[in-house]
Amino acid sequence: MTTAISESFPLIFGLDTFGDVTHDEDDRPLSHAQTIRNLVEQGVLADQVGVDFIGIGEHHTDDFPLSAADVVLAAIAARTTGIRVGSAVTVLSSDDPVRVFQRYSTLDAISGGRAEVILGRGSSVDSFPLFGYDLADYEELFEEKTNLFAELLKGGPVTWQGTTRASLHNQDVVPHPESGTFPVWIGVGGSPQSVIRAAHYGFSLMLAIIGGSPARFAPFSQLYHQALDGFGRAPLPVGVHAPGHVAETDDQARDEFWPRYREVITHYSKSRGFAIPTEESFLYEIGPRGALHVGSPETVARKIAQTLTSLGANRFDLKYGMGGLSQEALMRNIELYGTQVIPRVRELMAAAPVATRATSVTELSASE
C-alpha cells in the first residue's frame, strides 16, 4: 500500500534550536545570558530572510541553557512580524499542562496568533529529577498530561480528573487564545504508540530524526494517516525535525560542523547511549541516506526535498547549531537557509509535487 504526499497543506520550512552555547572568535564559550541574547538575534534574522517558523527545545543543562523557551520566543515575537514561534519540544511529562497552555496562550497573544507547541515526552530527561518526577512514571505522565492538554484546547471551563496532578472542576483557564486555539504537534522519535496518540488527540505529527536513514520513518507517516482515518479525523500535517548546517560550500559546512558534532555526541554518548561518531559514520550521516543535512545550499536543499518526499511530509524544521559554533556561523546558516535553501526546495518540490511512499505499515514491525 502506498500513500501520496498530501497537497492539502502548504510546504513549511522552519528552524529549531536547543540554544546550544555559542563560542567567541577565540573558541571560548559565551555566557548563558549572551547565548540567549544571540538566540533572539537569530530569530529576528530568520524572520527577515523568510523562514516560516522558529522553535526552541526545552533543556536544563550547562550546554543547553534554554529552560524557559517561551520567554525567549516572546522576545523574538515582539521584534518580528511574520515568523511563527513555538517549542521544539516542550517536555510535557515534567511540566504542568495548565501552565504550558497559559504560557503559550500568552505567547500567542504577544505574537498576534503566531504561537505553536510541539509536545514531547523528553528524550533528554534532565527535567525529571529537577522537578521531582520519577522516570518510572514516564509513560503515565505523558499520557495523562496530554489528555488534559487536549481538554484545555477545547476552550471553556474544564473538568478533568487524573492521578498525576490535581483535578479540575469547571475551571476556566486563561488567557483565552484569540482565535480559539493554536497549532499543537506531538514530537515522535521512534514510538508507534506516540504516533497513534497524536492521531487520537487530533495533534499534528512531528518526526524527530537525529540519526540513521530518514526513510525508515515512512511507516510512521503512513500509520499516522491511517490512525487519523480510523479515529474519524480529517488529515493533518506531518513535519520533520532533523539536524544540519548550511555554509557556502560542502567542505566549509563539513569543516565547521564535524568537530562540534563529534564533541557534543561524544560528550552525551554515555548518558544517552549514542555511538561515538567517526569520520566514516559522519560521512554516512551527511550522505544521501543519513539524517544530517550538512552542506552547501544546493546540497541541503536536495536532501530536504528527498526527505520530505520519502516521508510524505509537508514541513521541514532544520535543527541548526551545535555547541561551540560561533554566532557568525549560525547567522550565516540562517541567512543561507532562508534566502537560498528554502526557495530551492520549493522549486524541487514543485517539479515533482506528488510522490508516493512505498513502505507499508506492515513493514513497521520489521524495521523496529
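This is a predicted model: local features need pLDDT of at least 70, side-chain atom pairs count only at pLDDT 80 or more; totals for chains, interfaces and linings use all residues.
1. Let's start with strand E2, which covers residues 12–17. Is this strand mostly covered or mostly open? Mostly covered: five of its six residues are buried.

2. Now for the neighbours of E2. Strand E13 (residues 315–319) pairs with E2 in the parallel sense, over five bridges.

3. Next, a helix pair. Two packed helices are described by the angle between their axes and the distance between the axes. For helix H10 (residues 297–311) and helix H11 (residues 327–351), the axes come within 8 Å and cross at roughly 45 degrees. Because of that angle, H10 counts as oblique to H11. As for handedness, H10 and H11 make a right-handed crossing.

4. Which residues make the contact between these helices? On the H10 side they include Pro 297, Val 300, Ile 304 and Leu 308, and on the H11 side they include Leu 336, Tyr 337, Val 341 and Leu 348. Charged residues take part too, among them Glu 298 and Arg 302 of H10 and Arg 344 of H11. Sorted by type, the residues in the contact of H10 with H11 come out as twelve nonpolar, two polar and three charged.

5. Is Thr 90 buried or exposed? Its relative accessible area is 3%, so Thr 90 is buried; the cut-off for that label is under 20%. Thr 90 sits in strand E5 (residues 90–91). Leaving out residues up to four places away in sequence, Thr 90 touches Glu 58, Asp 95, Val 100, Tyr 104, Val 117, Ile 118, Leu 119 and Gly 120.

6. Gln 48 belongs to helix H1 (residues 32–48). With 58% relative accessibility, Gln 48 counts as exposed, because that label applies over 50%. How far apart are the C-alpha atoms of Gln 48 and Leu 107? They are separated by 20 Å, with the two residues 59 places apart along the chain.

Notes: Residues are numbered from 1 along each chain as its sequence is written. Side-chain values use heavy atoms; hydrogens and water are left out. Axes are lines fitted to C-alpha atoms, for helices over the stretch in contact, and angles run from 0 to 180 degrees between N-to-C directions. Helices (H or I, at least four residues) and strands (E, at least two) are DSSP runs, numbered from the N terminus. Angles under 35 degrees count as roughly parallel, over 145 as roughly antiparallel, 65 to 115 as roughly perpendicular and the rest as oblique. A crossing is left-handed if the near helix is turned anticlockwise from the far one by less than a right angle, and right-handed if clockwise. Contact means heavy atoms within 4.5 Å. Buried means under 20% relative accessible area, exposed over 50%, partly exposed in between (1.4 Å probe, protein chains only). Two strands pair if DSSP finds at least two bridges between them.
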